Amino acid sequence: MTSTEWPLWEVFVRARRGLSHIHVGSLHAPDAAMAVRNARDVYTRRGEGVSIWVVPSDQITASSPDEKDAFFDPAADKVYRHPTFYEVPAEAKHL
Amino acid sequence: MRDRYALALGDDALVLAQRLGEWVARAPELEEDVALANIALDLLGQARTLLTYAGELEGAGRDEDVLAYWRDDRDFRNVLLVELPNGDFAVTMARQLLFAAYQYELYDRLRASTDDTLAAVAGKAVKEVHYHRDHATQWVLRLGDGTDESHRRMAEGLRAVWPYADELFDGDDVTAALSAEGVAVDPATLREPWTAYVGGVLAEAGLEPPADATPRRGGRRGLHTEQLGYLLAEMQHLHRSHPGVTW
């Protein structure tokens, strides 16, 4: 039996010019054009955004929770990867 | 004269807002529930401004609440189209397409009104209504050009509301006098762009404009369908039972 439920879409909203699109949630819609409209109504009706992206949820490839240790733990003790060992010249503002 | 014009436009928005509100918690999907509520709230905002303005022009001390809650159906001046029962989703989308396409052309021209308040209302509302028209268009296309069942229902929905389209373009003594002054838009001038837009959507959706419809009219003169009485009973009940209630 085929599912009659609308497919799921992930919604990304850019709050204002110059910022990145941020994932805000997901919704159901029959197709991409309707997903953008539904996103407008569900996620931007209080003036939250100036641009919307929608992506079919099944098109997102995610890292697995099982791989969490192998993926992320090795980064935890590499302090030398942070650019904190430089002397910042006094003339360099706004760093 | 101007108060009667503002009242008619305000009543259109108020009654349709109430009708669309009936979909809340009943729409086919959560997302549509929110979309229809948004559209209803846009219309309610238009109604509030227009009824407030009508009350000020009238000068009898009636504010938006008095006009919304203390008039009976014979005193409402909305077109019959907006008071029609929601029916199924296709009926509602057919009604939305016909009305939003009309309201878009109306507000687009009313922006040039010599009346500053009406021009300001139209300037804000035309953007809202542009979206309402798009929303209805998307659904009419999908249902009309979808499955056999969705096509059948969309065609039936269109037949149900089509007889009420003619009234949108009726003029009366108010619109005749005010459009001559540049205050109002002559409704008859909206028919051509409306027909072009709606006709284009229907053609793309594979739907025919119903040919043998007998036009229904009377709302602008206060002669309404029985359905408006039930709508007002629900809308006005709380305020009439508890005058001035707030929460």
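**Exercise 1. In which loop is Pro163(B) found, and is it buried or exposed or in between?**

Start with the chain. This is a predicted model, and in it Pro163(B) sits in the loop that links H6 to helix H7 (173-180) of chain B.

Next, count neighbours. Pro163(B) has 18 C-beta neighbours inside 10 Å. Buried would take 20 or more, and exposed 12 or fewer, so Pro163(B) counts as partly exposed.

Then look at who those partners are. Setting aside residues within four places in sequence, Pro163(B) is in contact with Ala213(B), Thr214(B), Pro215(B) and Arg216(B).

Leu30(B) is 133 residues from Pro163(B) in sequence, and their C-alpha atoms are 31 Å apart.

**Exercise 2. Where does Ala25(B) lie, and what is its phi?**

Now the backbone. Its phi is near 75°, a positive value in a residue other than glycine.

Last, the surroundings. Ala25(B) has 8 C-beta neighbours inside 10 Å, so it counts as exposed.

**Exercise 3. How many residues does H2(B) have, and how far does it reach?**

Count along the helix: H2(B) has 29 residues. From first C-alpha to last, H2(B) reaches 41 Å, close to the 42 Å expected at 1.5 Å a residue.

Then step off the end. Gly59(B) follows H2(B), and its phi is positive, near 75°.

**Exercise 4. Which residues touch the most other members of the largest nonpolar core, and which elements build that core?**

Begin with the core itself. It has 75 residues, and Leu81(B), Leu98(B) and Val140(B) touch the most other members.

Go on to the elements. Those giving two or more residues include helix H1 (2-21), helix H2 (30-58), helix H4 (89-110) and helix H5 (116-144) of chain B. H4(B) brings the largest share, 15 residues.

Not counting residues up to four places away in sequence, Leu81(B) touches Arg95(B), Leu98(B), Phe99(B), Val161(B), Tyr164(B), Ala165(B), Glu167(B) and Leu168(B).

Now check for another core. There's a second, separate one of 11 residues, with Leu27(A), Ala29(A), Met34(A) and Val42(A) among them.

**Exercise 5. In what order do the strands of the chain A sheet run, and which strands stand at the edges?**

Step one is the order. The 3 strands make an open sheet, S2-S1-S3, with antiparallel pairing.

Step two is the edges. Strand S2 (21-28) and strand S3 (51-56) of chain A each have a single partner strand, so one side of each is left without a neighbour in the sheet. Ignoring direction, neighbouring strands are turned by 30° against each other on average.

Step three is the pairing. Strand S1 (residues 8-14) of chain A is joined to S2(A) by 7 bridges, and S1(A) pairs with S3(A) over 6 bridges. S1(A) and S2(A) also form a hairpin with 6 residues between them, and Gly18(A) in the turn has a positive phi of about 95°.

Step four goes residue by residue. Across in S2(A), Val11(A) stands opposite Gly25(A), while Val13(A) has Ile22(A) as its bridge partner. Glu10(A) faces both ways: Ser26(A) is opposite it in S2(A), and Val55(A) is its bridge partner in S3(A).

Step five sorts the side chains of S1(A).

Helix H1 (residues 32-43) of chain A lies across S1, S2 and S3 of chain A, at about 125° to S3(A).

**Exercise 6. How many residues of chain B are in contact with chain A, and which helix gives the most?**

Count both sides first: 8 residues of chain B are in contact with 12 residues of chain A.

Then assign the chain B side to elements. H2 and H5 of chain B each supply at least two residues, and H2(B) gives the most, with 4 residues.

Finally, sort by type. The chain B side divides into 2 nonpolar, 3 polar and 3 charged residues.

How values were computed
Residues are numbered from 1 along each chain as its sequence is written. Chains are lettered from A and ligands numbered from 1 in the order in which they are written. This is a predicted model: local features need pLDDT of at least 70, side-chain atom pairs count only at pLDDT 80 or more; totals for chains, interfaces and linings use all residues. A nonpolar core is a set of buried Ala, Val, Leu, Ile, Met, Phe, Trp, Tyr and Cys residues joined through C-beta atoms within 7 Å. Two residues are in contact if their C-beta atoms, placed from the backbone, lie within 7 Å. Ala, Val, Leu, Ile, Met, Phe, Trp, Tyr, Cys and Pro count as nonpolar, Asp, Glu, Lys and Arg as charged, and the others, Gly among them, as polar. Two strands pair if DSSP finds at least two bridges between them. Axes are lines fitted to C-alpha atoms, for helices over the stretch in contact, and angles run from 0 to 180 degrees between N-to-C directions. The expected span of a helix is 1.5 Å times one less than its number of residues.
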